[in-house]
Amino acid sequence: MTGGLQKLNTSFDEINDSALGNPLWEGLGIQRTAEPCVMVIFGATGDLTHRKLIPALYNLALDRLLPNGFSVVGFARRPLTDQQFTQDVHDTVAQYSRRKPLDPTVWNSLAKGMHYVQGDFGDEKSYEKLATLLGDLDRTQGTSGNRVFYLATPPTAYEDIIHNLGQAGLARQHWAGGGWTRIVIEKPFGTDLATARDLNTKLSAVFNEEQTYRIDHYLGKETVQNILVFRFANTIFEPIWNRQYVDHVQITVAENLGVEERAGYYEGAGTIRDMVQNHMMQQLALTAMEPPVAFDANAIRDEKVKVLRAIKPLDARDVAERVVRGQYGPGSINGEHVVGYRQEQKVNPNSTTDTFVAMKLFVENWRWQDVPFYLRTGKRLPVRATEIAIRFKPVPLQLFRQMGVAALEQNILALQIQPDEGITLKFESKVPSARMRLRSVNMDFRYSAAFGVQPADAYERLILDVLIGDSTLFTRRDEVEAAWTLVTSILDGWKVLPPPVFPNYEAGSWGPIAAQQMMARDDRVWRRP
């Protein structure tokens, strides 16, 4: 055992030597390597663990960003040995890591710290086995009681896991002879305001807010984080980022996939719970927030909460006029025929679940009064694209009209979040010619071209933040409840309004005609990312 530990620590020592020189993290001005710790993954045999979490840990190890003695403990019901679990995740890392082929030296160093506990989420004795293993790792790996509990499970298991961690004494922070404890919870965090508040209450009875990391992987994307830098590190944009110059804002999250294997979850959630309450509210808040007093977790989250609280809940009339819901029918994606939502496996043939939502919201404060924020998201749309587009007001006087120039195009600043992360500025330019002719042109910035590196996966950034204790990109309790206040008001409106006749848009189209009509009433149109 001692020899294996020495090899593991030696490998990670070598890996950590150049941590600060990694181009993904240089310029941050802080050490991005955590203290020795253990990461316990509940739901370790599930899809999230295999596709995202373990590949992210491998890439962090490859970038020399994991601490000496770092260990992973998988916890799930399936009977596996340590070796079987390690082999299972090896195969999926080889498939899903963004960097191939697998580096055997780095993988072997990570794999030596992998362990597995077979247990039931509701069985107290399983947590006793876990506590014994964690105590052993503290002694052999030098992890000093530093622990991360990652809930990669269905939400129905959250309460059992939280309760039993508390009962087993594993939630204690800075206990005698020990270190820190953190818990990571995946979305969805509740299904409405009441359930979110109830879960927050049960969570806070065991873990304090400082220990709690509610994860939204969209916040780990480079362009989402770059909204703050773009706005608050550049003089030229912030002065025009307000109601005097901005005509409206469009936020689009388009997916060309259907529900795939998630129909069981999706039937009870729909797009509004799956995308709007978390991803889209986060993007809106970052776009509309005021400058924070400092670049730290609470200062940034304070401003995001203010934005969400400035959006008034909608009544049934507002919902009828400013919210569109849709469900896709059969159609064609990239020339391939696809079935409608009601024909998907495990979907009720008479389902009224929404697979598309569009809405018009107002942030009622001094900066944004009367500026509409248009949000839309849906499945089986023509492309996979996420974009925040700020459309600026037209010039006050069209000087070139007398020279035969028709109406000018409005300037647009578009932040592309996926799949090609970058920023585009659209502006008017003269066409080379003896005559005065104008044309819209784009000024493009792309991460891959500008920095010469592939952006880190969102989970890599967020997991590292958990390990070092940086909660800036995680959602605070009041932020979750503020977002649910708005979304629950829409859900309540839908309860009293008759649903549209579903399906009401064809797969491969840009959604229901009602979404286009909502924009047309304001003499505006949706952008096509």
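Reply: A patch is built from residues that have over 30% relative accessible area and no salt bridge, with like charges joined within 9 Å. The model here is predicted, and in it Lys430, Arg435, Arg437 and Arg439 gather on the surface in a patch of positive charge.

Me: Where does Arg435 lie, and is Arg435 buried or exposed?

Reply: Arg435 sits in the loop between β16 (422-430) and β17 (438-446), and because exposed means over 50% relative accessible area, Arg435 counts as exposed at 55% relative accessibility.

Me: What about Gln327: is it buried or exposed?

Reply: The cut-off for buried is under 20%, so Gln327, with a relative accessible area of 0%, is buried. Gln327 has its place in the loop between β8 (323-326) and β9 (328-329), and a polar atom of the Gln327 side chain lies 3.0 Å from the backbone oxygen of Ser351.

Me: How should I read the backbone angles?

Reply: Most residues other than glycine have a negative phi, and most peptide bonds are trans. Glu260, although not a glycine, has a positive phi of about 50 degrees; Glu260 belongs to the loop between β7 (246-254) and α9 (263-288) and counts as partly exposed at 46% relative accessibility.

Me: Which residues does a cis peptide bond join, with omega about 0 degrees?

Reply: That cis bond joins Gln418 and Pro419, and Pro419 is placed in the loop between β15 (412-418) and β16. The peptide bond from Phe502 to Pro503 is also cis, with omega near -5 degrees, and Pro503 lies in the loop between α14 (477-496) and β18 (505-506).

Methods
Residues numbered from 1 in each chain as written. Predicted model: local features only at pLDDT ≥ 70, side-chain atom pairs only at ≥ 80, totals over all residues. Heavy atoms only, no water. Patch = residues over 30% accessible without salt bridge, like charges linked within 9 Å, V, L, I, M, F, W, Y side chains within 5 Å. Areas by Shrake-Rupley, 256 points an atom, 1.4 Å probe, with all protein chains shown as cover. Salt bridge = Lys/Arg side-chain N within 4 Å of Asp/Glu carboxyl O. Lys, Arg positive; Asp, Glu negative; His and termini not counted. Charge placed at Lys NZ, Arg CZ, Asp CG, Glu CD. Helix = DSSP H or I, 4+ residues; strand = E, 2+ residues; numbered from the N terminus. Buried < 20%, exposed > 50% of the residue type's maximum accessible area, 1.4 Å probe, protein only. Polar contact = N/O pair within 3.5 Å; in protein donor to acceptor, adjacent residues only side chain to side chain.
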